[in-house]
Amino acid sequence: MESSEEDDEYPFIESITPQSKIDSVHQSLTEKGIRKLCCELMDLKDAVENMCGDMRTKYLAFLRISEEAVEMEHELVELRKHISSQGILVQDLMAGVCREMDDWNRSPGDVHDAEVEEDPLPNEEDLECLVISEEAVEMEHELVELRKHISSQGILVQDLMAGVCREMDDWNRSPGDVHDAEVEEDPLPNEVTDPKSEFLEKIDLLLAEHKVDEALEVMDAEERSCPDLKGSVEMSSYKSAFMERKAVLEDQLLRIAKQPSICVAELKHALVGLIRIGKGPSAHQLLLKFYATSLRRRIEAFLPSCSTCPNTFPATLSKLVFSNISVAAKESAAMFGDDDNPAYSNKVVQWAEREVEYLVRLVKENASPSETSSALRAASICLQDCVNYCKVLEPQGLFLSKLFLVLFRPYVEEVLELNFRRARRVIFDLTETDEGLESSSDFVIILSEFAIASDTMMTDCSIRFMLIVQDILEQLTHLVVLHFGESVLTRILQLYDKYIDFLIKALPGHSDEDGLPELQDHTVLARAETDSEQLALLGAAFTILDELLPRSLVKVWKLQIENGGGEGESSAALNSSAAPELKEWKRHMVQAFDKLRNYFCLQFVLSFIYSREGLTRLDALIYLTETPDDLHLPSLPFQALFSKLQQLAIIAGDVLLGKEKLQKILLARLTETVIIWLSNEQEFWSAFEDESNPLQPSGLQQLILDMNFTVEIARFAGYPFKVVQNHASVVINRAINIFSERGINPQSSLPKTEWFTEAAKSAINRLLMGSEDASEPEEYECEEEEEDDDHIVLPEMDEDSDSEDTSSLSTVESFESFASASMADLESPSFTDSES
């Protein structure tokens with residue numbers, strides 16, 4: 001029948017209808033007719049059952065009326081006897097009165113006249129006789145009225161008896177009942193001598209009086225003792241009557257079980273009765289319906305208080321739902337034996353799944369707005385408690401964890417997404433306020449140190465970033481981190497990447513038209529113009545990445561491991577899955593920070609390569625026209641670079657105090673950026689390749705000296721210089737190739753390699769001393785170390801200074817070092833590091 005209903009839902013093909021489709025359509029119409037006929041037959045059956053029930057009820061009423069009529073007849077007979085006795089007394093009294101009157105009338109008239117004259121008042125006997133005569137007359141009238149009343153009552157009784165007889169005759173003539181001729185003659189039924197009829201009458205009386213327990217016992221005993229009622233026997237009239245009464249008993253038990261105010265004990269009693277008459281599925285359905293209704297009432301009473309406890313109300317809801325599921329499952333197993341009958345256990349599982357869906361819907365409907373931290377906290381607590389409850393139910397055969405996670409995951413993802421959208425508004429819209437954020441955290445003090453050297457608004461942006469991220473992380477429970485940790489890390493990475501783009505907009509040289517379209521709606525109130533302000537931005541972003549965010553995340557991940565339930569397997573699985581996740585996240589975070597660092601380095605280098613008028617200070621003409629002096633100093637642009645790096649090192653020592661790793665790698669990246677820019681500046685190399693420009697060996701010598709000088713700057717400052725050295729080698733090799741192609745032999749015109757190294761070292765000493773006399777360089781270097789002990793200085797080092805202290809920063813892993821990012825995200829030359 002179900003398949004036909006499904007086929008009716010498919011649309012018809014309007015083109016060519018195949019014969020199979022026509023047959024199926026007619027078949028479906030035939031099935032519809034059969035279904036309609038079955039429905040009519042069922043209605044007819046219900047009508048017949050109702051009519052039989054009414055006839056049985058009328059029969060019992062007729063029996064009671066007939067008994068009352070017989071009793072009334074006896075009362076009428078007694079009343080007639082009483083009236084006859086009263087009539088005899090009245091007649092005797094009337095006779096006595098008459099005799100007294102005759103005797104009084106026979107007295108002599110003279111005497112009477114004389115007595116009258118003598119005594120005009122009557123005597124007492126005369127008065128008594130008069131009173132008795134009057135009473136006798138009144139009583140006679142009352143007897144007449146009483147006879148009339150008795151006759152009318154007799155007529156009513158006769159009419160009642162006649163009506164009862166007629167109703168009994170009509171009932172006896174109904175089809176399916178066999179009556180003797182004596183019943184037709186006698187208006188009252190005779191005593192039934194058939195034991196089966198007596199049993200059916202007894203059952204009817206018990207059912208009429210709603211004595212379901214006694215009826216159940218009697219029917220059980222009869223079903224066990226009577227062979228006509230056993231399973232394979234053909235349907236007889238007695239069995240049919242017995243089954244009809246069994247259906248009536250079932251209906252009464254169902255009515256008892258469906259009462260709204262029924263208690264658990266009464267429900268169990270009614271369900272046991274249904275099980276005894278073979279209606280286990282109906283009883284099981286009523287049991288589950290009872291617990292579902294009970295849960296709805298408890299939840300309706302609790303829901304008005306959800307607004308008063310927005311963070312914890314899901315915990316109460318989940319406790320109500322899962323405790324109700326547990327009790328229902330236990331009662332079902334105890335009453336129906338779910339282990340022996342999988343059909344019942346499957347129904348319990350299906351019912352429990354619907355209750356879990358109802359719980360998820362309630363949490364969504366009654367939670368706070370999804371973008372608030374209270375909604376995230378409520379979702380976290382709900383997931384934590386529900387998954388724990390699901391584990392408790394697993395020994396009962398209810399495995400609901402996967403279903404709950406599938407149903408609840410979209411809501412948690414929605415809450416996380418909206419909370420991080422709120423975070424973007426709080427961080428980047430400086431007019432947005434969030435009163436729920438606490439400003440007394442430790443990292444507020446740490447980040448506030450950068451406010452001295454930078455704009456307060458930009459520092460406030462960094463503080464807001466950590467406040468909102470910390471607020472989100474504090475709402476997460478360990479199971480939320482276990483199931484949604486990767487999603488949380490991804491969103492933190494996206495938020496940090498937008499934060500970096502926001503800082504890039506504050507650096508000089510950036511225009512609103514250059515990239516970063518997602519930040520067009522946010523306005524930077526102030527630019528970081530000075531070196532200290534720019535370094536403060538870098539320091540804040542680096543502190544968040546390297547110190548504050550890892551501290552917050554490790555706290556959450558450690559909490560997850562500590563509260564793993566004490567089971568070795570879950571803790572081990574968590575530990576193995578969390579480490580790669582965090583490591584990959586840190587690598588992407590470093591790449592996001594490298595965008596800011598590389599942009600700063602590029603703008604810093606371009607600011608001294610190009611003048612404000614747009615002219616290039618580092619031009620190829622210095623190697624084509626100028627003649628090197630006898631002091632063998634580097635070109636003026638590289639001397640300016642050396643001086644500017646010194647100044648920046650002093651400022652970085654003040655602004656980035658305690659961030660020595662960032663200072664070294666940042667300044668090393670600056671020297672690397674100069675050489676990278678030079679190697680990629682096509683206009684610079686085109687001047688050498690132009691045959692109209694004459695080349696001199698001294699120009700090649702000066703270029704190689706400048707490259708060695710740049711490498712020595714990084715070497716003597718303690719920066720990671722290997723990458724700088726590699727890029728310098730590329731520039732030197734390219735220059736040698738160009739000069740060789742133009743007819744200049746480097747082997748004969750250039751000094752040895754050691755000469756360039758010594759010349760570069762000597763140039764650094766001269767520039768440090770500020771004098772052409774480099775006779776006492778070591779003493780000067782010691783003085784510089786003493787004066788600038790707290791800053792990055794440029795001390796002289798040995799020629800073979802490839803110690804571990806110098807090169808260690810270039811060999812650390814990518815998530816611990818910031819020297820491995822590329823410039824692919826910026827419109828600038830591609831930077832590549834040996835660490836990457």
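Helices here are DSSP runs of H or I with at least four residues, numbered from the N terminus. This is a predicted model, in which local features need pLDDT of at least 70, side-chain atom pairs count only at pLDDT 80 or more, and totals for chains, interfaces and linings use all residues. Residues are numbered from 1 along each chain as its sequence is written, and side-chain values use heavy atoms, leaving out hydrogens and water.

View A. A pocket is an open set of points on a 1 Å grid over the protein atoms alone, where a 1.4 Å probe fits, with protein on both sides within 12 Å along at least five of seven lines; lining residues have an atom within 4 Å of a point. The lining holds 22 residues, and Glu49, Gly53, Arg56, Thr57 and Val248 lie nearest the centre. Two or more residues each come from α2 (19–105), α6 (195–208) and α8, with α2 giving the most, eleven.

**View B. Glu250 in helix α8.** Look along residues 237–257 to find Glu250, which is buried at 16% relative accessible area (buried is under 20%, exposed over 50%, partly exposed in between, with a 1.4 Å probe and protein chains only). Beyond its neighbours within four places in sequence, Glu250 is in contact with Leu274, Ile277 and Lys279 (heavy atoms within 4.5 Å).

**View C. Lys586 in helix α19.** This helix spans residues 568–609, and Lys586 is buried at 12% relative accessible area. Asp546 is 40 residues away in sequence, yet 9.1 Å from Lys586 in space, C-alpha to C-alpha.
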